[in-house]
Structure formats: structure tokens, C-alpha cells
Amino acid sequence: MTMSKPEQRRKAPTIHDVAREAGVSRGTVSRVLNGGHYVSPSAREAVDSAIRRTGYVVNRHARSLITGRSDSVGFLLTEPQERFFEDPNFNVLLRGCTQALAAHDIPLLLMIAGTEDERRRITRYITAGHVDGVLLVSSHSGDPLAARLREAGVPLVACGKPLGQASKVAYVAADDRDGARDMVRHLLSLGRRTVGMVTGPLDTPGGTERLAGYREVLAEAGMAADDRLVVSGDYSRASGEAGAAELLGRVPDMDALFVASDLMAQGAVAALQRAGRRVPEDIAVGGFDDSSAALGAHPELTTIRQPWDRISAEMVRVLLAQIGGEDPAAVILPTELVRRGSA
């Protein structure tokens with residue numbers, strides 16, 4: 001049996017096809033693809049329309065050989081892998097950054113470095129030029145990774161104010177301290193007078209800033225700081241559960257609890273209820289983040305909303321500006337108290 005000659009495959013459209021379709025030069029198409037500098041609005045519109053009609057796709061490898069750029073960005077999480085799947089904030093931030101970069105046709109590479117070996121490997125990968133810049137998430141004090149990347153000249157933006165490096169590293173952060181102050185003032189406004197706290201990790205900006213806000217408001221109210229009312233957590237649900245149980249053992253008459261993340265607060269509520277305490281009747285509970293964990297608690301959590309959409313958009317904006325040659329910048333965004341059933 002003889003086989004018919006296969007149809008000749010249609011060749012992928014080229015930059016020359018786009019130029020011909022748009023009625024402009026190849027150089028004009030190239031300038032549009034590389035940021036649109038020195039291109040009139042009408043020419044840009046013609047090229048964009050021609051790209052859609054022809055189905056042209058940028059050859060990123062070829063372009064990187066010319067520009068010296070990878071045309072990609074890294075999303076670097078310095079936490080163990082299981083934390084990425086447990087903590088909803090990381091997923092929300094990743095999604096927001098991915099969407100913000102998609103508007104610039106730039107892919108985002110997820111990198112997780114929870115151990116020193118992983119940090120060394122990823123540092124080598126990044127400094128070899130495989131990404132043009134890095135969005136650094138969950139930076140801990142004493143972690144040398146940010147300093148290594150900065151010394152290598154890699155554009156870098158941290159989520160949260162980097163401890164000890166704020167003047168050297170660009171960052172975008174929610175106002176953690178002010179958000180904590182709002183929550184503690186709210187708990188005191190309910191008539192509560194023995195307010196405990198489960199902090200975040202005290203080697204992170206959120207951990208230290210939220211604890212500082214808690215202490216400042218108690219001082220304003222004339223309440224002496226009591227170390228028995230403070231325990232540290234690590235932003236996991238289990239640490240919130242353990243922290244609440246420990247505080248109840250130390251201070252049985254505690255009538256309010258500020259927990260530095262919603263996921264920890266969800267665990268704290270479970271521990272309080274297991275101990276026979278009603279929320280909010282016996283103990284009012286406030287969280288921080290306004291993540292999906294706030295709605296998964298029973299009752300739903302009163303919390304501090306972080307503007308995740310704005311945080312991710314600003315991180316991308318500041319990073320792309322750095323890649324384009326601008327100096328590092330810092331952005332601090334306001335938070336908002338969200339009242340629900342727990343306080």
C-alpha cells in the first residue's frame with residue numbers, strides 16, 4: 001500500500017512576516033518587541049495587530065543571545081517546600097506576580113530554597129544569568145542569600161522589609177507595625193484587658209514589626225509589658241495551636257489574643273475551643289493577612305488585610321524598573337482592619 005505525500009507543514013511566522021503584514025520595517029517590529037522605545041503609537045498598534053493576525057511567537061532564546069537577557073524572572077521562596085503548600089499567602093503572592101509579569105510577556109520561575117545546599121545551587125543558577133531579576137519572599141535575618149545576589153549585581157526586590165539590609169535591598173511591604181497597632185486597639189476597644197500574642201518568627205520583618213506594634217499599643221494604654229503574654233510561632237497552623245495552649249497555661253485569665261498570621265490564628269482558635277474557651281465570648285481572637293485561612297476558621301477571623309494584589313504588582317514594577325537601570329526603591333502599603341466573628 002502506498003502512502004500519500006504528507007502535506008507540507010506550515011512554517012512558523014517570522015519577524016519579517018509581521019513587518020510585511022504591519023507595513024513597517026523589521027527594525028520597527030524589533031523595537032516594539034524590545035519595549036517600544038522610539039516607536040509611534042500608530043506603528044505599535046499596527047505591529048501588535050500584525051502579531052495577533054500572524055500568530056507570531058517571540059523566539060526568546062534568539063532574543064536573549066542578542067540582548068544578554070533571559071526575559072524571565074525568579075520567584076524565590078526561602079522556606080521549606082511544605083510551607084509553600086501550607087501557607088496560602090505564598091500562593092496568592094505567586095499568582096499576583098505571575099499575572100503582573102504576564103502583562104509584560106515575562107514568565108516567572110518558582111524557586112524554593114529551604115536549606116543551605118539549595119540556596120547555594122540556586123545562587124549559582126541565578127548568578128549565571130538564567131533570570132534577569134529575583135522576587136525574594138520570606139527573607140530571614142542572617143540569611144546571606146540576598147547579600148550574595150546583591151553583590152553579584154542581580155536586580156532584587158524583597159517582600160517585606162529585609163532585616164539589617166533595608167537601605168541596600170529594594171522591598172515592598174505592608175505596614176506590619178501599623179496593622180498590629182490597629183488590631184490591638186480593636187481588641188482593647190472591646191473591653192479586653194489581658195491581651196496575649198503569638199508572634200511570627202522573630203528573624204523576619206513581619207515577626208518583629210507586628211510584635212513592636214502590639215507592645216506600643218499596650219504601652220499607650222498604660223499596660224506594662226508582660227513577657228508571659230507573648231510566645232513565638234513560625235506562621236504554621238501547628239505553632240498557633242501550640243502557642244495558644246501555652247499562653248492559656250501561663251495566663252488562664254487571658255481574654256484576648258492577637259495572632260500574627262491567619263493560619264496560626266486558625267490553629268489558636270482550635271486550641272482555645274478544645275480547652276473549653278468560647279471565641280469570642282471568653283477570648284477574642286484577631287489574626288493578620290486576611291487569607292483564606294481567616295474564612296476557614298470557626299468563627300471566621302477578625303484580621304488585618306494585607307493588600308496582596310498591590311504588593312505583587314508593586315514588587316514586579318520595582319523589579320522591572322531595576323532591570324531597566326533604575327535605582328532600588330522601597331514601597332510600604334497600608335493595611336486594613338477587617339471585622340468578623342472572632343473579635
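Student: To start, is D290 buried or exposed?
Tutor: D290 is buried, at 18% relative accessibility, where buried means under 20% relative accessible area, exposed over 50% and partly exposed in between, computed with a 1.4 Å probe on protein chains only. Please note that this is a predicted model, in which local features need pLDDT of at least 70 and side-chain atom pairs count only at pLDDT 80 or more, while totals for chains, interfaces and linings use all residues. Residues are numbered from 1 along each chain as its sequence is written, and side-chain values use heavy atoms, with hydrogens and water left out.

Student: Where is D290 found, and what is its phi?
Tutor: D290 is in the loop between β9 and α13, and its phi is positive, near 60°, although the residue is not glycine. Helices (H or I, at least four residues) and strands (E, at least two) are DSSP runs, numbered from the N terminus.

Student: And what about D289 in terms of phi?
Tutor: D289 also has a positive phi without being glycine, with a value near 130°. D289 lies in the loop between β9 and α13 and is buried, with a relative accessible area of 3%.

Student: Which peptide bonds are cis?
Tutor: The bond from V279 to P280 is cis, with omega near 10°, and P280 sits in the loop between α12 and β9 (284-286). The bond from H298 to P299 is cis as well, with omega near 0°; P299 belongs to the loop between α13 (292-296) and β10 (303-305). As background, most residues other than glycine have a negative phi, and most peptide bonds are trans.

Student: Let us step back. How many helices and strands are there?
Tutor: The protein chain has 14 helices and 12 strands. Of its 343 residues, 52% count as buried.

Student: What share of the contacts is between residues 24 or more positions apart?
Tutor: Such pairs account for 71% of the contacts in the protein chain with a separation of 6 or more, a contact being heavy atoms within 4.5 Å.

Student: Turning to helices, what is the length of α10?
Tutor: Helix α10 has 16 residues and reaches 22 Å from its first C-alpha to its last, close to the 22 Å expected at 1.5 Å a residue. The expected span is 1.5 Å times one less than the number of residues.

Student: Which elements do the buried residues of α10 pack against?
Tutor: They pack against α9 (176-189), β6, β7 and β8. The buried residues of α10 include P205, R210, Y214 and L218.

Student: How do α9 and α10 cross?
Tutor: Their axes come within 7 Å and cross at roughly 40°. The axes are lines fitted to C-alpha atoms, for helices over the stretch in contact, and angles run from 0 to 180 degrees between N-to-C directions. That makes α9 oblique to α10: angles under 35 degrees count as roughly parallel, over 145 as roughly antiparallel, 65 to 115 as roughly perpendicular and the rest as oblique.

Student: Which residues make that contact?
Tutor: Among them are R177, R181 and R185 of α9 and E209, E216 and E220 of α10. The residues of the contact of α9 with α10 divide into 7 nonpolar, 2 polar and 8 charged. Here Ala, Val, Leu, Ile, Met, Phe, Trp, Tyr, Cys and Pro count as nonpolar, Asp, Glu, Lys and Arg as charged, and the others, Gly among them, as polar.

Student: What about α6 and α14: how do their axes cross?
Tutor: The axes of α6 (residues 88-102) and α14 (residues 308-323) come within 8 Å and cross at roughly 50°, and the two helices are therefore oblique to each other. The residues that meet include V92, L93 and L101 in α6 and W308, I311 and M315 in α14. By class, this contact has 11 nonpolar, 3 polar and no charged residues.

Student: What comes after α10?
Tutor: G222 follows α10, and its phi is positive, near 75°. D226 lies in the loop between α10 (205-220) and β7 and counts as partly exposed, at 27% relative accessibility.

Student: Lastly, what covers the buried residues of α11?
Tutor: The cover includes β6 (195-199), β7 (230-232), β8 (256-259) and α12 (262-274). Among the buried residues of α11 are S239, E241, L247 and L248.
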